[in-house]
Structure formats: structure tokens, C-alpha cells
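Here is a set of questions and answers on one protein model. Work through them with the structure open.

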Amino acid sequence: CTAMKPVVDRLEEESKERLDIVRVNIQESVGRELARNYDFEYTPTFIFSDGNGNEMWRQVGGLDTERVKESLSTP
């Protein structure tokens, strides 16, 4: 979603030492496969995982950057 791009770009810049952001286009075959694997249909969908790849939470539509920052500060 192009409306979210500046928000995600800013978050990526502010948190680059602690956060890896992966952007997926579900119109491409790899994106469709990931959508099936992670069980999502709608975009944008944001999935927050811990360092071991375990999903902690997900959000569809918008992105609550404060929630992301809080999750980064949680041990």
C-alpha cells in the first residue's frame, strides 16, 4: 500500500539496528507463496516476529508504530 510506505520507511530508518523489515508483493509468485504460508489475504498486513521467527502479533490495514517500538523494547 503506497499510503503506508512513508510510515514504514520512517520506522525502518529509526529502528534499523533492531528491526528487519521485509516487504512482499503478493502480486508476484513469491509473495503469493508467503501469503499462503503466513495465512494472510489482505494488504497491507504487518506481521511482527521475534528473533527466532515466532509470530508475536499481526495487524491488517494500518501500522501502529508505537506498538512496534514497544515490542522492540520488550525483552
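Q: Is Ser 71 buried or exposed in this predicted model?
A: Ser 71 is found in helix 3. Its relative accessibility is 13%. The cut-off for a buried residue is under 20%, so Ser 71 counts as buried.

Q: Which residue joins its side chain to that of Ser 71 in a polar contact?
A: Leaving out residues up to four places away in sequence, Ser 71 touches Phe 48 and Trp 57. A polar contact of 2.8 Å joins the side chain of Ser 71 to a partner. That partner is Trp 57.

Q: In what order do the elements run from the N terminus?
A: The protein has three helices and two strands. Helix 1 spans 5–14, and helix 2 spans 29–37. Strand 1 covers 45–49, strand 2 covers residues 55–60, and helix 3 covers 65–73. From the N terminus on, the order is α-α-β-β-α.

Q: Which elements give two or more residues to the largest nonpolar core?
A: The largest nonpolar core has ten residues, among them Met 4, Leu 19, Trp 57 and Leu 63. Val 8, Leu 11, Phe 46, Phe 48, Val 68 and Leu 72 also belong to this core. The elements that give two or more residues to the core are helix 1, strand 1 and helix 3.

Q: Which residues does Phe 46 touch, not counting residues up to four places away in sequence?
A: Phe 46 is one of the residues of the largest nonpolar core. Among its contacts, Met 4, Val 8, Trp 57 and Leu 63 are also listed in that core.

Q: How many bridges join strand 1 to strand 2?
A: The two strands run antiparallel. Thr 45 stands opposite Val 60 in strand 2, and Ile 47 stands opposite Arg 58. The number of bridges joining the strands is five.

Q: Which residue takes a positive phi in the hairpin of strand 1 and strand 2?
A: The hairpin has five residues between the strands. The positive phi is near 85 degrees. The residue is Gly 53.

Q: Which parts of the chain does the salt bridge between Arg 23 and Glu 12 tie together?
A: The closest N and O atoms of Arg 23 and Glu 12 are 2.8 Å apart. The two residues are eleven apart in sequence, so their pairing ties together separate parts. Arg 23 is partly exposed at 43%, and Glu 12 is partly exposed at 30%. The parts tied together are the loop between helix 1 and helix 2, and helix 1.

Q: Which residues are linked with Arg 23 in a network of salt bridges?
A: A search of the whole structure finds seven salt bridges. The bridge from Arg 23 to Glu 12 is one of them. The network linked with Arg 23 holds Lys 5, Asp 9 and Glu 12.

Q: How many residues apart are Glu 14 and Lys 69, which meet in a salt bridge?
A: The side chains of Glu 14 and Lys 69 meet at 3.1 Å, N to O. Glu 14 lies in helix 1 and Lys 69 in helix 3, so the pair links distant parts of the chain. Glu 14 has a relative accessible area of 49%, and Lys 69 has 31%. The separation is 55 residues.

Q: What is the radius of gyration of the protein?
A: The C-alpha atoms fill a box of roughly 35 × 30 × 20 Å along the principal axes. Buried residues make up 23% of the 75 residues. A compact globule with 75 residues would have a radius near 11 Å, and the protein's value agrees. That value is 12 Å.

Methods:
Residues numbered from 1 in each chain as written. Predicted model: local features only at pLDDT ≥ 70, side-chain atom pairs only at ≥ 80, totals over all residues. Heavy atoms only, no water. Core = buried A, V, L, I, M, F, W, Y, C linked by side-chain atoms within 4.5 Å. Buried < 20%, exposed > 50% of the residue type's maximum accessible area, 1.4 Å probe, protein only. Helix = DSSP H or I, 4+ residues; strand = E, 2+ residues; numbered from the N terminus. Contact = heavy atoms within 4.5 Å. Salt bridge = Lys/Arg side-chain N within 4 Å of Asp/Glu carboxyl O. Pairing = 2+ DSSP bridges. Polar contact = N/O pair within 3.5 Å; in protein donor to acceptor, adjacent residues only side chain to side chain. Rg over C-alpha atoms; globule rule 2.2 N^0.38 Å.
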